[in-house]
Amino acid sequence: MLEVNRGRSVNGSIMAEKLSVTRTAIWKNIKQLQDEGYQINAVRNLGYCLEDSNDILSAESIAPYLWGKAKSFQLDVRKTVTSTNTLAKEMAIAGAPEGTVLIATEQTKGRGRMGRSFYSPASTGLYMSLILRPKLDLNDSLLITTSAAVAVASAIEKLTGNLVQIKWVNDIFMNGKKVCGILTEASLNVENGGLEYAVVGIGINVTTNDFPDDIKAIAGSIFSKKPTDQPIKSILAAELLNNLSSSMDKLTDHSYLEEYKRRSFLIGKDIYVLKGKNAYEAIAVDIDHRARLVEEYPDKSREALSSGEVSVRQTP
Ligand code: BT5
């Protein structure tokens with residue numbers, strides 16, 4: 001009720017009546033929410049008012065900003081989890097349908113690719129995993145990450161007004177800093193060669209500004225400080241889900257690859273292709289129809305890379 005009436009007072013007696021509880025029960029629950037950090041003002045004779053700026057994530061705080069198919073997503077919002085991807089995979093295995101979304105305020109074991117970790121401190125980031133059951137061939141699974149990257153980039157750009165770029169394959173950059181990482185994990189259906197389920201995990205630094213030393217130089221946030229007048233994490237979460245719901249329906253029509261390419265800052269750059277412990281010099285020339293990075297080696301031979309690492313080669 002408070003979320004629906006954000007910024008307006010809701011009379012305690014009316015809440016009590018609607019919920020068939022006593023006014024004392026309402027008062028106690030409001031107190032508990034305030035203890036959890038909710039900015040609720042008690043105004044004498046008027047009731048309780050949830051402040052516009054209150055930015056604690058909940059299914060109710062995100063719902064007003066959802067539209068279209070995203071409105072039917074099942075949102076499960078938690079405070080602290082190990083990793084939303086790990087839990088979402090367990091949910092997918094247990095049969096959770098496409099459109100199940102797990103969101104957390106903090107992760108204690110946020111994961112990146114290849115066993116790396118993703119720094120996920122409390123309250124200043126958005127950590128979310130979406131379960132999909134796409135009709136997609138294993139060879140096309142890269143399209144999930146690239147489509148999600150476009151969805152994330154345009155959501156961040158809409159909210160911040162800043163240019164957002166993509167570093168193949170899963171890193172989102174703003175002002176030269178990595179502000180978001182995407183981790184897609186999928187399970188193969190051995191019988192038909194398709195995907196049983198896929199979990200798209202998205203971690204965004206919203207207002208984090210105290211990164212650990214090892215990532216200080218590369219990591220950044222989409223806002224330098226929290227915009228005070230709106231529930232920015234809830235709006236961002238909804239914007240992501242709105243974009244993801246439409247882009248995930250169009251995975252195989254490849255149209256978003258043009259936008260992916262436009263936002264890719266590796267194209268045209270001198271790069272190192274990292275394979276195991278070896279680094280090879282190349283130029284990134286294109287993203288192909290399967291979202292692979294096409295690079296050209298000094299002998300003019302070309303290769304399409306479907307996973308792995310590249311880094312930009314600094315010209316002396
Ligand atoms: C990623 O991996 O960037 C994918 C991150 C996905 C995180 C989401 S959060 C929700 C869901 N649940 C999870 O457990 N994971 C997903 P990768 O490309 O491997 O990059 C990891 C590297 O990025 C690290 O080795 C650091 O160098 C750097 N890094 C770690 N934390 C970062 C942060 N918060 N911001 C920017 N860079 C970071």
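Where does valine 169 lie? Valine 169 is found in the loop between strand S7 (164-167) and S8, where helices (H or I, at least four residues) and strands (E, at least two) are DSSP runs numbered from the N terminus. This is a predicted model, in which local features need pLDDT of at least 70 and side-chain atom pairs count only at pLDDT 80 or more, while totals for chains, interfaces and linings use all residues. Residues are numbered from 1 along each chain as its sequence is written, and side-chain values use heavy atoms, with hydrogens and water left out.

**Ligand surroundings**

- The ligand is surrounded by 27 residues, the closest being Ser83, Arg111, Arg113, Arg116 and Lys178, where a residue counts as near if one of its heavy atoms lies within 4 Å.
- By class, this shell holds nine nonpolar, 13 polar and five charged residues; Ala, Val, Leu, Ile, Met, Phe, Trp, Tyr, Cys and Pro count as nonpolar, Asp, Glu, Lys and Arg as charged, and the others, Gly among them, as polar.

**Polar contacts and burial**

- A backbone N or O atom of arginine 111 lies 2.7 Å from an oxygen atom of the ligand, and a polar side-chain atom of glutamine 107 is 3.0 Å from a ligand nitrogen atom; a polar contact here is a pair of N or O atoms within 3.5 Å.
- Taken alone, the ligand exposes 790 Å², of which the protein buries 92%, with accessible areas coming from the Shrake-Rupley method with a 1.4 Å probe.
- Two or more residues of the shell come from each of helix H4 (84-93), strand S6 (125-132), strand S9 (177-188) and strand S10 (195-205).

**Backbone geometry**

- Tryptophan 168 and valine 169 are joined by a cis peptide bond, with omega of about 5 degrees.
- Histidine 254, which is not a glycine, has a positive phi of about 60 degrees, and histidine 254 lies in the loop between helix H6 (232-247) and H7.
- Most residues other than glycine have a negative phi, and most peptide bonds are trans.

How values were computed
A polar contact is a pair of N or O atoms within 3.5 Å; within protein, one must be able to donate a hydrogen and the other to accept it, and residues adjacent in sequence count only if both atoms are side-chain atoms.
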